[in-house]
Amino acid sequence: MKKWDTMPQDLTLDVKIIRNTLEQSPRFRIAMQAVHDTVSIAGAANTWLAGHSSGSAIALLAGKNMAKMGCLLETYLFNPPFVGVPVELTTKTEISEILKCGIRFTTSVMKAGVAVAQHVLRDRPQMDDWFALLSRWTPYLFVHPSNPVSAEYVGYFEHREWMVKIGAGAIERIATRNSISGAYQPLHLLPSAHLIVTLSPAQNYKQAHGLEQWWKPNIQCQLKLHEFSD
């Protein structure tokens, strides 16, 4: 809930999300401890994670950490932040679609190239271990295509399928494991997910990013399961 007395902490949390240093946040540490305690008491099958906006970032990171330990928790993420250029928000024209594909293809080639140049493949067995564990975890992502905070998840998963179709799946399999943004792993690196995209138009950013849109009785959504295959 937005309150003036928590605004400084909220802004600090947002900065950590953007810089991929959320794990250093006191809020995240408290949340992570609460998840561990709940799972130890109730069991993984009886524990769900859920969050909206920055709260969904905390839930996402907590779920990823648990999945890497082999504990797969049912997770619902509403408008989770995607740190990156919102390419998906460009105008829907034939030229813009070609441009988006070009930007994403170039980014994938760069990430794969950097990964090889830095000898990331030397540690491939260890990397594959955690990535394989994470690929079995399929959180539910609720995204509005007009929301600049999370809309890029739509393009993120569609691009991976497109790379496979054009025969560049090997490049994308390396790129999707790595990032050129720094030492910290971005939150949006997800092998698998249930992506729920609302088809209901939004009048403004507040409506597109709001939580209340997801419980409207007349909402129309499109659901697709995206599974990572090596």
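Predicted model: local features only at pLDDT ≥ 70, side-chain atom pairs only at ≥ 80, totals over all residues.
Residues are numbered from 1 along each chain as its sequence is written, and side-chain values use heavy atoms, with hydrogens and water left out.

The chain contains 8 helices and 5 strands, where helices (H or I, at least four residues) and strands (E, at least two) are DSSP runs numbered from the N terminus. Followed along the sequence, these elements give the pattern α-α-β-α-β-α-α-β-α-α-β-α-β. Of the 230 residues in the chain, 43% are buried; buried here means under 20% relative accessible area, exposed means over 50%, and partly exposed lies in between, with a 1.4 Å probe and protein chains only. Contact means heavy atoms within 4.5 Å, and among contacts between residues at least 6 apart in sequence, 79% join residues at least 24 apart.

In soluble globular proteins, nonpolar side chains tend to be buried together. A nonpolar core is defined here as a set of buried Ala, Val, Leu, Ile, Met, Phe, Trp, Tyr and Cys residues joined through side-chain atoms within 4.5 Å. The largest such core has 34 residues, and those with the most contacts inside it are Leu22, Val35, Leu141, Tyr153, Phe157 and Leu195. At least two residues of this core come from each of helix H1 (7-18), helix H2 (26-42), helix H3 (54-68), strand S3 (140-143), helix H6 (152-165) and strand S4 (193-198). H3 supplies the largest share of this core, 8 residues. Apart from this core lies another, of 5 residues, including Tyr76, Phe78, Phe142 and Ile196. Leu141, one of the residues with the most contacts inside the largest core, touches Leu77, Pro80, Tyr153, Phe157, Leu190, Ala193, His194, Leu195 and Ile196 when residues up to four places away in sequence are not counted.

The packing around H3 can be followed from two helices. H2 and H3 pack at an angle of about 50°, and their axes are 10 Å apart; axes are lines fitted to C-alpha atoms, for helices over the stretch in contact, and angles run from 0 to 180 degrees between N-to-C directions. H2 and H3 are therefore oblique to each other, given that angles under 35 degrees count as roughly parallel, over 145 as roughly antiparallel, 65 to 115 as roughly perpendicular and the rest as oblique. H2 passes H3 in a right-handed crossing; a crossing is right-handed if the near helix is turned clockwise from the far one by less than a right angle, and left-handed if anticlockwise. On the H2 side the contact is made by Arg27, Phe28, Ala31, Met32, Val35, His36 and Val39, and on the H3 side by Ile58, Leu61, Ala62, Asn65 and Met66. By class, this contact of H2 with H3 has 9 nonpolar, 2 polar and 1 charged residues, where Ala, Val, Leu, Ile, Met, Phe, Trp, Tyr, Cys and Pro count as nonpolar, Asp, Glu, Lys and Arg as charged, and the others, Gly among them, as polar.

H1 and H3 also pack at an angle of about 50°, with their axes 10 Å apart, and are therefore oblique to each other. Here, however, H1 passes H3 in a left-handed crossing. The residues in contact are Leu13, Asp14 and Ile17 of H1 and Ser54, Ala57 and Ile58 of H3, which by class are 4 nonpolar, 1 polar and 1 charged residues.

Several loop residues complete the picture. Asn20, in the loop between H1 and H2, has a phi near 60°, a positive value in a residue other than glycine, and with a relative accessible area of 15% Asn20 is buried. Ser53, in the loop between S1 and H3, likewise has a positive phi of about 60° although it is not a glycine, and is buried, with a relative accessible area of 19%.

Ala44 lies in the loop between H2 and strand S1 (48-52) and, at 28% relative accessibility, counts as partly exposed. Leaving out residues up to four places away in sequence, Ala44 touches Val39, Cys71 and Leu73. Val83 is found in the loop between strand S2 (74-78) and helix H4 (94-117) and counts as partly exposed at 29% relative accessibility. Beyond its neighbours within four places in sequence, Val83 is in contact with Ile17, Ile18 and His188.
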